[in-house]
Amino acid sequence: MSGSVSTELGAAAPGGGALLNKPRTAGRGRRTPRGQTAARAAVLVLVMGYLVLPLFAMVEFSTRGDVDPVTKTAGRSLQAFADIFGYPNLVEGIVTSLEIAVLTVFGMLLLLVPTMVWTVVRVPRMRRVIEFLCLLPLAIPAIVIVVGIAPVYRFMGQNLGAFGSSALTLTFIDIILVLPYSYRAIDSSLRAIDTATLADAARSLGAGWPRTIFQVIVPNIRGGILSASVLAIALVLGEFTIANLLSFNTVQVVIYLLGKRDPFVSVAVSLLALVFAFVLLFAISRFAPGAVNRGQRAAEEPAK
């Protein structure tokens, strides 16, 4: 049997020794290099300048007043914004574009949501095919779409009366144009949930497919639907090429024509359109699913 050798413990090291030292906290000594911080700040300044400076330029231009003959300086006025209602064609173009945007959103959702849910649940092998078809408009220039669809619109205008010649028929083209962006937004939400399990559970409880889609799946992908709707509205309000070539007076076409006569009002309307898009984005970030929970977690998390 081996005997135990008694040894005396030596004095503790000045720093307490390896066993007595406090463990280093995570992240201590890992400070971000100054060069990396400066690079991030420079990129942030460049991006903010690229996004914000044009807005300030639009505000400055659209609020110019009359030039004082004494001081040779221009005052500030909101007359350009007030003159918007003095152009009936402009107001009509704004209303028409908003109507097209609403119809495009409803048409896009009715087309995409049931199709994507059915593909995920029943025929997952067709997911790549649906994705390819939805992303295809990105590879087709707008001028090519106009050349191909112009005869259809000519036939509609000659044979379908007021409906065929209405600017609201641009909804059919806009639904195609928004498919790539809306598909990505909805697809990311579908991938975040177990769509197949939810659908099978609802079906096993006696729900039909319409009820399963609109009462079970749709509430769980509300964030993706809202994002897809905002993207669709922004694209419709900014679309110019197709509407101009087909001779429909949407807001962008009227702004272009008005810019030749009154550039101040034209810039004012463009600024209001951008502000409208920013308000929609803020509403998405505020009312999208998870926004309230994130705010509660941030408030309940103890300070470190």
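Mentor: A salt bridge puts a side-chain nitrogen of Lys or Arg within 4 Å of a carboxyl oxygen of Asp or Glu. This is a predicted model: local features need pLDDT of at least 70, side-chain atom pairs pLDDT 80 or more, while totals for chains, interfaces and linings use all residues. Residues are numbered from 1 along each chain as its sequence is written, and side-chain values use heavy atoms, with hydrogens and water left out.

Trainee: What makes arginine 128 and glutamate 131 a salt bridge?

Mentor: Their N to O distance is 3.5 Å. The limit is 4 Å, so the pair qualifies. Both residues sit in helix H5 (127-135), 3 residues apart, about one turn of the helix. Helices here are DSSP runs of H or I with at least four residues, numbered from the N terminus.

Trainee: Why is arginine 128 called exposed, and why is glutamate 131 called buried?

Mentor: Buried means under 20% relative accessible area, exposed over 50%, and partly exposed in between, with a 1.4 Å probe and protein chains only. Arginine 128 has 62%, so it counts as exposed. Glutamate 131 has 11%, so it counts as buried.

Trainee: Which arginine in helix H8 pairs with glutamate 131?

Mentor: Arginine 184 does, with the closest N and O atoms 2.8 Å apart. Glutamate 131 lies in H5 and arginine 184 in H8, so the bridge ties together parts 53 residues apart in sequence. Arginine 184, at 41%, is partly exposed. Salt bridges with shared partners also join Arg127, Asp187 and Arg191 into one network.

Trainee: How many salt bridges does the whole structure hold?

Mentor: The search finds 5. One of them links arginine 64 to glutamate 60, at 3.1 Å between the closest N and O atoms. Arginine 64 is partly exposed at 40%. Glutamate 60 is partly exposed at 30%.

Trainee: How do you know that serine 182 is buried?

Mentor: Its relative accessible area is 0%. Serine 182 lies in helix H8 (170-191). Leaving aside neighbours within four places in sequence, serine 182 is in contact (heavy atoms within 4.5 Å) with Met108, Leu112, Ala228 and Ala232.

Trainee: What puts threonine 119 in the buried class?

Mentor: Its value is 5%, so threonine 119 counts as buried. Threonine 119 lies in helix H4. Beyond neighbours within four places in sequence, its contacts are Pro124, Met126, Arg127 and Ile130.

Trainee: How do the residues lining the largest pocket divide by class?

Mentor: There are 12 nonpolar, 1 polar and no charged residues. Nonpolar covers Ala, Val, Leu, Ile, Met, Phe, Trp, Tyr, Cys and Pro; charged covers Asp, Glu, Lys and Arg; the others, Gly among them, are polar. H14 gives the largest share of that lining, 4 residues.

Trainee: What is the class make-up of the second largest pocket's lining?

Mentor: That lining has 10 nonpolar, 3 polar and no charged residues. Helix H11 (222-238) and H14 each supply at least two of its residues.

Trainee: What is the mean confidence of the model?

Mentor: The mean pLDDT, the predictor's confidence in each residue from 0 to 100, is 79. Of the residues, 80% reach 70 or more. Residues 15-20 fall below 50, and that stretch has 3 contacts beyond near neighbours in sequence. Residues 291-304 are also below 50, with 5 such contacts.
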